[in-house]
Amino acid sequence: MGDSEEIAPAVESILATARERGGADGRVDVEPRSLTDAFADAEADGRVPVIAEVKPTSPTAVGERTEDPVALAEQMVEGGAAALSVLTEPEHFGGSAATLARIREAVDVPVLRKDFVLHEEQLDVVEADVILLIVRFLDEPGTGDLADLLSAARERGFQVLVETHTADELARAVEAGAEIVGVNNRDLAKLAVDLDTFERVAPDAPEGVTLVAESGIQSPADVARMRRAGADALLVGSAIMDHGAPAEETDVTANTRRLTTATTTHE
Ligand SMILES: O=C(O)c1ccccc1NCC(=O)[C@H](O)[C@H](O)COP(=O)(O)O
C-alpha cells in the first residue's frame, strides 16, 4: 500500500485473505468480448457507457442482496448496461467465480472479474473478458509486479482495467502499459468516497487511454459530472444494487436505466 499509510481494517482483512488465495488447475485462455467496442456501441445508441456491478455486499454496504445474481445481471443489461462487473471475492463481498461463470454464460456483454489479484496464478481462476489490477496493492513485497501481471493477463486473452486513485498511480499505470484505466473515487485506505478524485486525476491521463470513473456514483447528476470530467465509462455498484432496500422495493433495471439514460456532455 505504500508509505506508512493507515489502512482500514476491512481492507487489511481483504488483502490478508487475497494473499492466501491460490489459482486453479490449468491456465485460463479467454476469447474476450471487447470492452471498448461495448462502450462505443452504447454511445452509438445514446446510452451512457455503464459497467454495472453485481456486488451482493461489501464492507461499506448496508445490507446484502440475496437474489439470484444471474437475474440481477440480466436486469442490469435490460437497463442498458454496456458491461458488467462481477465480484468474485467471497469473504467480504459475497462473490464467487462460479457466479461469474454463470453470469457470463447468461449475458452477451463483456464481464469484468472484480477481485483483488495479487499474483499471476490468481489470474487462472475463471474466464472473464476483463480483469482488474489495482495499482495500490501491487509492486509490494509479496505481490506481483504491475507490468508483469499486465503482460501475463494479456497473454491469457484478458483485457485489463488498471485501477488507480492518485496522479502518481495513474502515471505508474500508463508507464506499465495500461490502456484502460479506472480512477477509483473510493480511497481504499480509508474507504471514504469523493468524486473530486476523478476530477483531480483524469486530466493527467494521456490521449488514447480509456478512462473509467469508479465508485460513489449515485445519480444522473453524478454521471453528468464524471462525464464532464472526461469519463469514457462509469463503474457503478451500490446505486444499482440498492443494498439497504427490501428486494420487493428494488428495481435493478430502473436503477441502471436511470444512469445509462442520464443527460451528459462527454469532454
Ligand atoms: O465497496 C466497498 O465497500 C469496498 C471496500 C473495500 C475495498 C473495495 C471496495 N469496493 C470496490 C469498488 O471499487 C466498488 O465496488 C466499485 O467501484 C463500485 O463502487 P460503488 O458504486 O460505490 O458501489
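Buried means under 20% relative accessible area, exposed means over 50%, and partly exposed is in between, with a 1.4 Å probe and protein chains only. Keep that in mind for Arg 113, which is buried at 4% relative accessibility.

Now, what we are looking at. This is a predicted model, so local features need pLDDT of at least 70 and side-chain atom pairs count only at pLDDT 80 or more, while totals for chains, interfaces and linings use all residues. Residues are numbered from 1 along each chain as its sequence is written, and side-chain values use heavy atoms, with hydrogens and water left out.

First, the record. UniProt, in an unreviewed entry, places the feature "domain: Indole-3-glycerol phosphate synthase" at residues 17-244. UniProt positions are given in the numbering used here, feature names are shortened, and annotations may be inferred rather than shown by experiment. In the model, residues 17-244 are 33% helix and 17% strand. Helices (H or I, at least four residues) and strands (E, at least two) are DSSP runs, numbered from the N terminus.

Next, the ligand. How many residues surround the ligand? The number is 19, and the closest are Glu 53, Lys 55, Thr 60, Ser 215 and Ser 238. A residue is near a molecule if one of its heavy atoms lies within 4 Å of it.

Glu 53 puts a polar side-chain atom 2.5 Å from an oxygen atom of the ligand. Arg 186 also uses a polar side-chain atom, at 2.9 Å from a ligand oxygen. Gly 216 uses its backbone: an N or O atom lies 2.9 Å from an oxygen atom of the ligand. Taken alone, the ligand exposes 510 Å², and the protein buries 98% of that. Those areas come from the Shrake-Rupley method with a 1.4 Å probe; for residues, only the protein chains shown count as cover.

Stay with Ser 215 for a moment. Ser 215 sits in the loop between β7 (210-214) and α9 (220-228). Is Ser 215 buried or exposed? Ser 215 is buried, at 12% relative accessibility. Its phi is positive, about 75°, although Ser 215 is not a glycine. Leu 191 is not a glycine either, and has a positive phi of about 70°. Leu 191 is found in the loop between β6 (180-184) and α8 (196-201). Why point these out? Most residues other than glycine have a negative phi.

On to charges. A search of the whole structure finds 19 salt bridges (a side-chain nitrogen of Lys or Arg within 4 Å of a carboxyl oxygen of Asp or Glu).

One is Asp 45 with Arg 47, with the closest N and O atoms 2.7 Å apart. Asp 45 is exposed, at 51% relative accessibility. Arg 47 is partly exposed, at 22%.

Another is Arg 104 with Asp 129, again with closest N and O atoms 2.7 Å apart. This pair links distant parts of the chain, 25 residues apart. Arg 104 is in helix α5 (residues 97-106), and Asp 129 is in the loop between β3 (111-114) and β4 (130-134). Arg 104 is buried, at 13%. Asp 129 is buried too, at 0%.

Then Asp 115 with Arg 113, where the closest N and O atoms are 3.4 Å apart. Asp 115 is buried, with a relative accessible area of 4%. Salt bridges that share partners join Arg 21, Glu 89, Glu 91, Arg 113 and Asp 115 into one network.

Now the aromatics. The structure holds two aromatic pairs. Rings of Phe, Tyr and Trp (its six-membered ring) pair if their centres lie within 6.5 Å; planes under 30 degrees apart count as stacked, over 60 as edge-to-face and the rest as tilted. Phe 116 and Phe 137 form a tilted pair, 6.1 Å centre to centre, with 40° between the planes. They are 21 residues apart, with Phe 116 in the loop between β3 and β4 and Phe 137 in the loop between β4 and α6 (146-155). Phe 116 is buried at 11%, and Phe 137 is buried at 4%.

Ala 106 and Glu 74 are 32 residues apart in sequence, and 7.6 Å apart in space, C-alpha to C-alpha.

Definitions and conventions. Polar contact = N/O pair within 3.5 Å; in protein donor to acceptor, adjacent residues only side chain to side chain.
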